[in-house]
Protein chains: 2
Amino acid sequence: MKSYDVIIIGGGPAAIVTGITIRKFFTEKSVLMVKEEADGLVPCGIPYVFHLLGNDAEKNRMGPKPFVDLGGEVLVNTVVRVDKEKKEVTMESGEQFMYDKLVFATGSTPVVPNFIPGYDLQNVYYVKKSFQYIQKLAEKVSRLKNIIIVGGGFIGAEVAEQLAGAKANVTLIESEPLCFSKAFSPQLSAIATEALKDSGVNVLTSTMVKEITGENGSVRQVLTNDGKKIDADAVIFSIGYRANTKLAEETGLELNRYGDIHVDNYGRTTVKDISACGDCAQAFGFLTGRSDVIKLASTATAEARTLGHNIFGVRIKKCIFGTLGVFSTEINGVAMAAAGANEKNAAEAGVNLVTATFSSPDRHPGSLPGVANLTVKLYASPVDGSILGGEAWGSKSAGEIINIISMAIQKSITVFELISFQVGTHPLLTASPVVNPIIRAAEELVHQISYT
Amino acid sequence: MKSYDVIIIGGGPAAIVTGITIRKFFTEKSVLMVKEEADGLVPCGIPYVFHLLGNDAEKNRMGPKPFVDLGGEVLVNTVVRVDKEKKEVTMESGEQFMYDKLVFATGSTPVVPNFIPGYDLQNVYYVKKSFQYIQKLAEKVSRLKNIIIVGGGFIGAEVAEQLAGAKANVTLIESEPLCFSKAFSPQLSAIATEALKDSGVNVLTSTMVKEITGENGSVRQVLTNDGKKIDADAVIFSIGYRANTKLAEETGLELNRYGDIHVDNYGRTTVKDISACGDCAQAFGFLTGRSDVIKLASTATAEARTLGHNIFGVRIKKCIFGTLGVFSTEINGVAMAAAGANEKNAAEAGVNLVTATFSSPDRHPGSLPGVANLTVKLYASPVDGSILGGEAWGSKSAGEIINIISMAIQKSITVFELISFQVGTHPLLTASPVVNPIIRAAEELVHQISYT
């Protein structure tokens, strides 16, 4: 029986980055990646297959090439059994391999609302992280007129925006009063929901799907809890993802209360020599340290790097621990991003904070062509002034501005330090140093904390 | 005699931000700003007056309005004498005021090369930070054909690029083998020099001006040290700036070896109740702590904020000290930025470092329209892995990416932490998390430091 130093189960970003990290840093170790589909895709790129990438899933392909280039091996198959005592895995094909270390990077699957009558009709779809599935779905919906998206989180809203851009008649149904409300503050959720409406999507908030009715087994209408009947040629559900943990459970790995694989700071499960990272593994909320549900490609890759370095024994103790949800999107040309605490999630977690907002042109002078407004909102501890969260929106710069804020949160930088933060500025690239919105928002917080 | 709690001498970004900070945080204090010209300008915006802003200095105006809005007073006049014993200032007009605290924010003036024959001919210009002067200069050179810029630092190169864009026949003369070499690594200096050539500027490096010849008192030709004779309708010198310290010297303030006003970490001079910030004041190099020459609007405003908060006694001890030069520019559509150490300035300062570079598309998948390449180069301590410097170029994102690196330098973040740095990513806004260039360059450095 063939033996590998490491076998990775999965083929998404967590699996690929784990593989890359191990092959790069431990070149003598043999690594096998077992993935179910030969083709992979960029998970965050899925919405753009529907319009911006010209309805061509090929342009959103992401394979394990960087891992293979570093000497990793890939097998397209399904692991059906793990024998944790003998340290053997068995494939659907019957093949068996031995491992020294095993990594679960089995990802997550869309939640299927089997409590809604009609959920199993034809033309009811999900945003599956499968190349083949998305390729077929994009091809299919491009020929349909009335499309209903259920769920106003990032994926649902982005798919809706793209399909509206492709001239479909798109209705989005969201149960909360605003879209994006799991990630954004109420203020930014309202701005984002408006941007989504401006993109041409018919947005129904505070609305739930009661039933999907069909004709000849295929979708015909969606009935809402408030009595609306909306014609539908297709329904796409985007109401969250659940960890793929069937094999983990059968293997005897402990799951947490959300059904994610229980791991420590280095990705180690409760079973010796088995680790897990990415969507299938437990996340610890950065603010509180309790287990939380944060399933992002960015956090998955951070976990994968930490795991990869430490899989043969903890080598890098100085990792940044805790999962900080950092979210960004662009809807109808408006970039929006958030990290860490806001009024809503902090209240839920019992965290106190103060907040301040500052806006300025993203170039200077503001008379330059192409200038957009950039707004930064910061959240800090009312006692020690450490940055607990932040948001940025307007200009495309928000995409990297949020990562400055993200670093400040991860390193417990305070507003007292931020007022003397030295930044590079240039007329064609950034705001003026006089009105740098991070520094000026921090200054507002210094005022609230210490001068009142 | 009228008395103010604070009198600020100067009207540039350092003066304005000092005034804003004091008026915002100490609302009971009276603040007078004495400036020589009623009109101000955005210093970094000067090059864009010559083309992108349509030859209209009005569009680059920056006045003290935000300070006045907060209740500050402005007087257009020149301070000719300071009596530090009586704590009085005397204006050119004869008016006198008393102060409790006095701030020098007198800025800097272009270096005039009086050792070059012909330097005083008509149509020999400087990039003065004066609204009136720049307005006239822009108007004047717009009607000329052959323009020679001397000095290939940021201002000189940006002015050259803009004038070339405005269809002038522009030659830039730089004494070093590459332009931008005071701020950028040799690698990035070479890229920037190429971008400048691509913008249509005739760039002569390793070249010095020997003489300027004239006709009827006006510029005719520039003679170089290697025998070239170049026709010139105007010559613009941009060979550095010197602190304006005549009044400071007369007042008895101590200057350092570069001629800048000696100050402590909070901007306090050697004379009680007199502070200084911005281009006229001493900078401490971030890496070594020794006095250094760094004259940027961004560092000036950071100094001004630190000074403003602490002028009535040190209130915020937790400021980030040391002046970190963070530079950015865009030449011919290529954004380029640098912070802290590179191979060249580190060797000069006797600082050891290791370096690594990583490039990736600034959006993902790379097949999206409008994708540009983003390269990040990091420099770290070979012993503890702390980030000492960095560069970013290619994509416009470089303008904010350098500020992530800048924060890492200022907070002594290590490459071991950066590999698990959690970032927000989005297809339309950032690189893929799998190939985030900051994280991947840090990973290369971890490899160099610990795995070899």
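Strand 13 (residues 218-224) of chain B is joined to strand 14 of chain B by 3 bridges, and the two run antiparallel. Strands here are DSSP runs of E with at least two residues, while helices are runs of H or I with at least four residues, and both are numbered from the N terminus. Two strands pair if DSSP finds at least two bridges between them. Gln221(B) has its bridge partner in strand 14 of chain B: Asp231(B).

This is a predicted model, in which local features need pLDDT of at least 70 and side-chain atom pairs count only at pLDDT 80 or more, while totals for chains, interfaces and linings use all residues. Residues are numbered from 1 along each chain as its sequence is written, and chains are lettered from A and ligands numbered from 1 in the order in which they are written.

Now take the whole sheet. In chain B, 3 strands form an open sheet in the order 12-13-14, with antiparallel pairing. Strand 12 (209-215) and strand 14 (229-231) of chain B stand at the edges; each has a single partner strand, so one side of each is left without a neighbour in the sheet. Neighbouring strands are turned by 30° against each other on average, direction ignored. Such angles are taken between axes, which are lines fitted to C-alpha atoms (for helices over the stretch in contact), and run from 0 to 180 degrees between N-to-C directions.

Next comes helix 10 (residues 398-410) of chain B. At 1.5 Å a residue, its 13 residues should span 18 Å, and its end C-alpha atoms are 18 Å apart, which agrees. The expected span is 1.5 Å times one less than the number of residues. Of the 13 residues of helix 10 of chain B, 13 are buried, so the helix is largely enclosed by the rest of the structure. Buried means that 20 or more other C-beta atoms, placed from the backbone, lie within 10 Å of the residue's own. Ser412(B) follows helix 10 of chain B, and its phi is positive, near 50°.

How do the two chains relate? A rotation of 180° with 0.0 Å of shift along its axis superposes chain A on chain B, with RMSD 0.0 Å. That is the relation of a two-fold axis. The superposition is by least squares on the C-alpha atoms of residues with pLDDT of at least 70 in both copies.

Finally, the interface. In all, 71 residues of chain A are in contact with 72 residues of chain B; contact means C-beta atoms, placed from the backbone, within 7 Å. Helix 10 of chain A gives the largest share of the side of chain A that touches chain B, 9 residues.

Conventions:
Two residues are in contact if their C-beta atoms, placed from the backbone, lie within 7 Å. A residue is buried if 20 or more other C-beta atoms lie within 10 Å of its own, exposed if 12 or fewer, and partly exposed in between; C-beta atoms are placed from the backbone.
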